[in-house]
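Dear colleague,

Please find the structure below, handed over for your records.

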Amino acid sequence: MNNNYCIIMAGGIGSRFWPMSKSSMPKQFLDILGTGRTFIQMTFDRFKRVCPVENFYVVTSVDYKELVLDQLPELKEDQVLLEPLRRNTAPCVAYASYKIKSINPDANVIVAPSDHLILKENEFVAEIQKGIDYASNNDVLVTLGITPSRPETGYGYIQIDGKTEYQNYENLYQVKTFTEKPNREMAEVFVSSGEFFWNSGIFIWSLKSILKAFDKHLEDVSGLFQKGIKLYGTEDEVHFINKTYSECQNISLDYGIMEKAENVYVLCADFGWSDMGTWGSLYENGKKDDANNSINGGDVFTYQTENCVVNVPKEKVVVLQGLDGYIVVEADNTLLVCRKKDEQQIRQFVSDVKMVKGDEFV
């Protein structure tokens, strides 16, 4: 395990979970599921089974440094890598990768978002270990693909090509294409074909393979972070990173590397995964009452109300009557009531509220 490293990406705002998730306290630092552990804590707990604590790096915004250290007290301060600007996932991974290179050039690396739900932890860990074994012995970029349970339009998809023979793996395939979030009709075609899997956004590779891919496909990004190889871990690192991010392009890892590389493979599995990106995903994965309502929080009385997701403070008494398919969320000084089918408009709601009321409510 000593060569295994984990990069947790934790810089997002999570605006689709507004008003519970706000810029000052994004969803990765919240216990939205009511389990007693936040998303980032559950992510850390999960990967501790395959990586030593000292081999974790959390990449986050400078605004969230104290939140990370407070919620993950096992980490040292230099394991929290601070981004001065949001530049998407490719610069995030490049920063952490070159930091790791300055310590252990022979590392195996797992990259994972901080806000995913995994229901079958043992199956998940088994797939991660298989991925590490394959990636450590081959020049490959591995991702985890999820067997789709429905024609979901909120996820990206991975199309598989031929099955890859390696040891006794039954679920390893070369990737044919990555596809962005499809419309409903296309998602139905994807699922019925049996060739498409949800893109989990979880990656496994050797450090050498991902840096080689950066040099080939994102040379500008790679070159910027390579310049600081002797500065990582020194007092000059912060100044170097601040300057680098001001010069670095905003680009995702998927678009910049994964869609272009020819050595991408996918382990296809089903371990109860959700990216928990929306209230709808919380509803899909949450417990429901007899009327199909997912309720978390205070004393909620429902009458002729069904198919709703409700999240309110514990001290609140809430009465709902005559609602079907709604999101009802109260957090701090904000109340949201909207139809589940229209939740893609939440980002617009946040933008409008910010424009009129300022940052206090978002």
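**Salt bridges and pockets**

Glu170 is exposed, with a relative accessible area of 57% (buried is under 20%, exposed over 50%, partly exposed in between, with a 1.4 Å probe and protein chains only). Its side chain meets that of Lys163 in a salt bridge (2.8 Å, N to O), and Lys163 is partly exposed at 39%. A salt bridge here is a side-chain nitrogen of Lys or Arg within 4 Å of a carboxyl oxygen of Asp or Glu.

This is a predicted model, in which local features need pLDDT of at least 70 and side-chain atom pairs pLDDT 80 or more, while totals for chains, interfaces and linings use all residues. Residues are numbered from 1 along each chain as its sequence is written, and side-chain values use heavy atoms, without hydrogens and water.

The whole structure holds 17 salt bridges. Another of them joins Arg150 and Glu152, with the closest N and O atoms 3.0 Å apart; Arg150 is partly exposed, at 24%.

Glu152 is also among the residues nearest the centre of the second largest pocket, which has 21 lining residues. A pocket is an open set of points on a 1 Å grid over the protein atoms alone, where a 1.4 Å probe fits, with protein on both sides within 12 Å along at least five of seven lines; lining residues have an atom within 4 Å of a point.

The largest pocket is lined by 42 residues, with Met9, Arg16, Asn88, Thr89 and Pro113 nearest its centre.

With kind regards
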